[in-house]
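Please keep the viewer open beside this text and follow the stops in order, selecting the residues as they are named.

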Amino acid sequence: MGLTMNEFTVQFIATLLKFAVIAGLCINIPPIMVWAERRVPAFMQRRKGPNRVGIFKWRLYGLLQSAADAVKLIFKEEVVPEGAAKAFYHIAPVFSVFPAIMVAMAIPYGPDIQLFGYTIPLSVIRVDVGFLFIFAISSLAVYGVTIAGWASNNKYSLLGALRASAQMISYEIPLGMSLIPIVLLYGSLDLNTIVIAQSQIWKWGVVLSPISFCLFVIAMFAETNRAPFDLAEAEGELVAGFHTEYTSAKFAAFFLAEYVSMFVLSCLAATVFFGGWQIPFFDIRSLDVLIGIPGVSGLVGFGVLFVKAAFFMWLYVWVRWTIPRFRYDQLMSLGWKFMIPIGLLNVVVTAIVLAVIRF
Amino acid sequence: MFDLPLFLNSSLLSIGVFHFFAAMITIVSLLVVVSQHPVKSAVFLVVDLFLLAGLYASMDSHFIAAIQILVYAGAIVVLFLFVIMLLNLKADSIKGLRFSAPEAAALLISFIGFLIMTFNVFRGQAPEGIKGGFSIEAIDANGGNTYMVAMRLLTTYIWPFELASMLILLAIVAAIVIAKKDKILKSLIQKELR
């Protein structure tokens, strides 16, 4: 081949490809999760759930119901409420979807792979402050909700938006605080370094810092506005919260943002507390040499991370159908009076213990 | 067979990225000031801060970029937006361009400053800045940006850092006192009466 490529060109093309793959994955998460969200409670409540839609005689356990719903959502009539602030009304879904998908780019989906003599990292954006990047971008998700609620010119929307943004801002603090001990333990802000450090089961974040894990899981539910913290869309009080006035594809966009941010937080939980793409007692990176196909370790690592993340996605659905919704004052006092003090204490104790051990 | 386009090399691309961000920042900053609606201004401010972070990131200062978004775009402007929405501020009605004497003077002075700066920039002789010890290579050799910032902040500048945090604590206490003014006053009066 007379193909000459410099290192930069290879990385550039690889980044574009990785971006396309991850964005495609993110867009396909909601239909699958909607299907799970119908089948899992059906299983828990001993009924059947959707099982009819299929191609000819293959019903695929009703998996195509989601596809039908997606098509329906996109082709529905679009209604813009009178008196809405038009520009903001139209831009709000973008503000919601953009941070969700961008955060997904920073997760390390697998070990660095060697292809054609180049080292290609398996995360789209590889920065040495991966943690901060994730928190920075996901803190922008508040804008989509706030602007949507305000621009709809509807009091239920506005109330839902205020609730949601107060909740998201409040729970960002314990979410960040629960991860500080992890940063202290592994001594890095780079997610890939943290994954590599968790090569054995007794080096996993959940073993070394179980309190962090509990705080993270609670804050994770609140941060994505999911049951039991779904006060932003409490249908008995607020119709549907901030997206009451949204129809058709714009509603689908909010839906997409919610499920993608669930997926990202699940991946983050798996990465930080359950060893990410590593499995205990075996180094996945040695697979390339063992099997002899370059890049196979990346695929296996991706699969391992995906299975771990799938557990947390299942947990989301499980909890939603198990625990009833909180009251608003309970939510706030749980966040500010319980989780933040525990989180602070956790940071201090971890720091002292580490200082004593390393002394 | 075929060569990949030569323009794909890192230095040229980074110059392109810089110019893109610079142009966007200029436009969006103008929009922040010019917009009639306060909510529009706030949203443009978020976009502006985000682009600024992009500029930092293109200069390999990822730590500053992340902190910029986290603190300014993620926290402070949210509060701006809250206040604007809760007060339900309406767009200014256009009164026509009429300036008072001080406003006109300020405009004139800043315009002259702008002219001088533009002239200096396009004259092709950028003023030579004083270079400190913190070059990209030196920072990378000493453990990276985050490490360097942490070491400076928690050793050399520990007292100013702690003082700043005390100042913020003071502000929080003051805010609570102002918010609960009536209750505190009542309890004080009751104590006096007893």
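Begin with Asp329(A), which is partly exposed because its relative accessible area is 43%; here buried means under 20% relative accessible area, exposed means over 50%, and partly exposed lies in between, with a 1.4 Å probe and protein chains only. Before going further, note that this is a predicted model, in which local features need pLDDT of at least 70 and side-chain atom pairs count only at pLDDT 80 or more, while totals for chains, interfaces and linings use all residues. Residues are numbered from 1 along each chain as its sequence is written, chains are lettered from A and ligands numbered from 1 in the order in which they are written, and side-chain values use heavy atoms, with hydrogens and water left out.

Next, select Arg226(A) and Glu37(A), which form a salt bridge whose closest N and O atoms are 2.4 Å apart. Arg226(A) lies in the loop between helix 9 (210-223) and helix 10 (235-238) of chain A, whereas Glu37(A) is in helix 1 (residues 7-44) of chain A, so the pair ties together parts that are 189 residues apart in sequence; helices are DSSP runs (H or I, at least four residues), numbered from the N terminus. Both residues of this pair, Arg226(A) and Glu37(A), are buried.

Move on to Arg38(A) and Asp69(A), whose side chains meet in a salt bridge of 2.7 Å, N to O. Arg38(A) is in helix 1 of chain A and Asp69(A) in helix 2 (residues 64-75) of chain A, so that the pair links distant parts of the chain, 31 residues apart. Arg38(A) is partly exposed at 31% relative accessible area, while Asp69(A) counts as buried at 18%.

For the last stop, select Cys26(A) and Cys267(A). Cys26(A) counts as buried at 0% relative accessibility, as does Cys267(A) at 2%.

Terms used. A salt bridge is a side-chain nitrogen of Lys or Arg within 4 Å of a carboxyl oxygen of Asp or Glu. Helices (H or I, at least four residues) and strands (E, at least two) are DSSP runs, numbered from the N terminus.
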